[in-house]
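Subject: Structure handover

Hi,

Here is the structure for you to look over. My notes on it follow below.

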Amino acid sequence: MAAVGIMLCCLNGNGTDALTYMLEGADSAATLSLSLAGSYILWMGIMNIAKRAGLIETLSRLMRRPLRLLMPNVGEAAAPITLNLAANFFGLGNAATPFGLEAMRQLNKQAGGVDFCTNEMCMFLALNSSAIEMLPTTVLAIRTACGSADPYSIVLPTLVSSVLAAIAAIAACKLFERGAGRR
């Protein structure tokens with residue numbers, strides 16, 4: 001698409017404009033990437049400090065019981081699931097990915113390396129996708145970098161909508177789980 005757009009600009013005599021806009025876009029992308037990097041570095045540092053201080057293990061122990069209500073056979077996957085949900089809670093979707101992959105590996109290992117998704121895997125995927133987000137740090141960083149007058153105005157709507165999405169995801173999983181058990 002970019003090549004076609006550049007070609008059309010050149011054919012219409014606007015090659016200079018196309019080059020100007022490409023350079024401005026590259027500059028904006030670099031600026032945005034640097035501001036997002038700062039936000040990620042800050043929150044990943046906080047997560048590492050929490051991990052070294054033992055807060056992650058404590059959080060994992062506290063989350064085992066609620067996780068067992070949603071996923072009875074969670075087992076050793078509770079720690080990476082907790083880290084994944086915590087990273088999503090603070091709006092660090094990219095930081096949550098390695099924890100999510102590890103959680104799926106653990107859940108698959110517990111299920112005996114099956115070739116299908118267990119109820120626990122489906123529930124985790126639904127929770128991960130609907131992720132309750134208290135502080136959407138990535139979006140806040142983008143809004144701040146783009147000069148938003150009130151970048152924090154999205155915090156409450158994001159929290160409310162993500163809680164409702166999580167409730168809907170849990171309900172759907174439990175409904176399908178119950179329906180699959182009747183066959």
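The protein has eight helices and zero strands. Helices (H or I, at least four residues) and strands (E, at least two) are DSSP runs, numbered from the N terminus. Along the sequence the pattern reads α-α-α-α-α-α-α-α.

Two notes on provenance. This is a predicted model, in which local features need pLDDT of at least 70 and side-chain atom pairs count only at pLDDT 80 or more, while totals for chains, interfaces and linings use all residues. Residues are numbered from 1 along each chain as its sequence is written, and side-chain values use heavy atoms, with hydrogens and water left out.

Overall dimensions

The radius of gyration is 21 Å, whereas a compact globule of 183 residues would have one near 16 Å. That radius is taken over C-alpha atoms, and the globule rule is 2.2 Å times the number of residues to the power 0.38. Along the principal axes, the C-alpha atoms fill a box of roughly 65 × 45 × 30 Å. Buried residues make up 28% of the 183. The classes go by relative accessible area: buried is under 20%, exposed is over 50%, and partly exposed is in between (1.4 Å probe, protein chains only). Among contacts between residues at least 6 apart in sequence, 62% join residues at least 24 apart. Contact means heavy atoms within 4.5 Å.

Helix packing

Two packed helices are described by the angle between their axes and the distance between the axes. Axes are lines fitted to C-alpha atoms, for helices over the stretch in contact, and angles run from 0 to 180 degrees between N-to-C directions. Angles under 35 degrees count as roughly parallel, over 145 as roughly antiparallel, 65 to 115 as roughly perpendicular, and the rest as oblique.

Start with α3 (residues 55–70) and α4. Their axes come within 9 Å and cross at roughly 100°. α3 is therefore roughly perpendicular to α4. On the α3 side, the contact is made by Ile56, Leu59, Ser60, Met63, Arg64 and Leu67. α4 brings Ala78, Ala79, Ile81, Thr82, Leu83, Leu85 and Ala86. These residues divide into 10 nonpolar, two polar and one charged. Ala, Val, Leu, Ile, Met, Phe, Trp, Tyr, Cys and Pro count as nonpolar, Asp, Glu, Lys and Arg as charged, and the others, Gly among them, as polar.

Next, α5 (residues 93–110) and α6 (residues 119–130). They pack at about 165°, with axes 9 Å apart. So α5 and α6 are roughly antiparallel to each other. The contact takes Gly100, Ala103, Met104, Leu107 and Asn108 from α5. From α6 come Glu120, Met121, Phe124 and Leu125.

Single residues

Which residues does asparagine 84 touch, not counting those up to four places away in sequence? They are Ala96, Phe99, Gly100, Phe124 and Asn128. Gly100 and Phe124 also belong to the contact of α5 with α6. Asparagine 84 itself sits in α4 (residues 78–89). Its relative accessible area is 1%, so asparagine 84 is buried.

Alanine 2 is in α1 (residues 2–11). At 57% relative accessible area, alanine 2 is exposed. Methionine 22 lies in α2 (residues 15–52) and is partly exposed, at 43%. Alanine 2 and methionine 22 are 20 residues apart in sequence and 9.7 Å apart in space, C-alpha to C-alpha.

Best regards
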